[in-house]
Amino acid sequence: RKVPPTTINQIEDHRPQEWHHPQLGQENATFVILARNYEYKDLAQTLRQLETRFNHKYHYPYTFLSDEPFSEEFKEWTSLAVSSKVQYGLIPREQWDPPSNINLTLADELGRKLQANGAIYGDRIPYKNMCRFNSGYFFRHELVQKYRYYWRVEPSVNFFCDLNFDPFTYMREHDKTYSFTISLKEFENTIPTLWNTTKEFMAEYPELIARDNAMAFLSNDGGDTYNLCHFWSNFEIADMEFWRSETYMKWFNFLDMKGGFYYERWGDAPVHSIAAALLLPRSRIHFFNEIGYKHSPFEHCPQGDVHEKGRCSCKQEHNFDNDWYSCTARFHSLFSLF
Ligand code: GDP
Ligand code: MN
């Protein structure tokens, strides 16, 4: 591989003067958006929803990240869509490319087999780089480092409801570390050895496992097997102090050494979810019912009063929460079981 070029982080601003609002939200927080240049239009549509439903009142800044320099077009479309400061960061190659312990020939070979077995994105190295970056690096990126909380956003997702409070403040005041809107079951063929690796980790570091953890969310048999439940990480509001902690770093490095980000296709969703469920007391995980959200093909649509209060534009019948493929009911039962 080529020697990585030095990182150039562009902080630019295309906003019209009347949109230069001071940040009103009181929290040390940013939106974090990993995206490719060609996604500028889908992203602009998402950003307009996020602004209309929430950020036009708070003006939290946006941090856009990519492994390639952002185009002028991308910067224009995204900055014109928002009412707050924007920053555009290039991801350094050493946070993105496969690490030196990975045998790329083997990764290719196994990736092709994975794909043939129906594992979605099984043979796509850029996708795997993305999953590993989201698992272990985004919170260490120089533009993100100064913030404590983030809200992850992807191109094309929808926000359906007015958010009449600041979710970052909610997280801080209620001592929440990780939050979600949609949970579901993972494709098993993307993570054949992840659960055995998790069990190895628990055996090696029993002191890192939280006493009041959410193992019952992940396993129906006390930890013997994985039920594939995870929080869908295309939406996340979370406290990066957790990702930056020694405990989480041990988990990430343990996984990274096993090679499963490349020899299999471990996603950042199960990696984050297993960490949140086992390394945190379960009371630190929060379900944001008020945030109507869709990442195709699944959506969370609030019901009843909450739908009305949020002036939600989703159909209540389309709510995925109680689908057999969702794990959200299981999450709720965690708090009645004990
Ligand atoms: P899916 O939701 O799992 O199907 O994956 P996506 O294609 O939506 O990718 C997840 C997120 O990572 C999105 O925000 C993408 O824009 C971003 N992403 C995926 N691959 C790349 C990549 O190679 N480079 C960059 N810069 N962003 C990527
Ligand atoms: Mn996506």
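**Figure 1. An open sheet of three strands in the predicted model has the order 5-11-12, with antiparallel pairing.** Helices (H or I, at least four residues) and strands (E, at least two) are DSSP runs, numbered from the N terminus; two strands pair if DSSP finds at least two bridges between them. Strand 5 (158-159) and strand 12 (298-300) are the edges of the sheet, and each has a single partner strand, so one side of each is left without a neighbour in the sheet. Three bridges connect strand 11 (residues 293-295) with strand 12 in the antiparallel sense. Within strand 12, His300 is the bridge partner of Tyr293. This is a predicted model, in which local features need pLDDT of at least 70, side-chain atom pairs count only at pLDDT 80 or more, and totals for chains, interfaces and linings use all residues. Residues are numbered from 1 along each chain as its sequence is written, chains are lettered from A and ligands numbered from 1 in the order in which they are written, and side-chain values use heavy atoms, with hydrogens and water left out.

**Figure 2. Glu154 (OE) and His295 (NE2) coordinate the manganese ion (ligand 2), at 2.0 to 2.2 Å.** The pair links distant parts of the chain: Glu154 belongs to the loop between strand 4 and strand 5, whereas His295 belongs to strand 11, 141 residues apart. Donors are N, O and S atoms within 2.8 Å of the metal (3.2 Å for Na, K and Ca); water is not among the atoms, so sites may look incomplete. Glu154 has 18% relative accessibility and therefore counts as buried (under 20% relative accessible area; exposed is over 50%, partly exposed in between; 1.4 Å probe, protein chains only).

**Figure 3. Strand 9 (residues 236-239) has buried residues pointing both ways.** Glu236 and Ala238 point one way, Ile237 and Asp239 the other. Strand 4 (residues 149-152) runs antiparallel to strand 9 and is joined to it by four bridges; Tyr150 has Ala238 as its bridge partner in strand 9. Strand 6 (residues 178-180) is also antiparallel to strand 9, through two bridges, and Tyr178 has Ala238 as its bridge partner there.

**Figure 4. Thr78 lies in helix 2 (residues 72-81).** Thr78 is buried, with a relative accessible area of 0%. A polar atom of the Thr78 side chain lies 2.6 Å from the backbone oxygen of Phe74. Leaving aside neighbours within four places in sequence, Thr78 is in contact (heavy atoms within 4.5 Å) with Leu43, Leu47, Phe64 and Tyr88.

Methods:
Polar contact = N/O pair within 3.5 Å; in protein donor to acceptor, adjacent residues only side chain to side chain.
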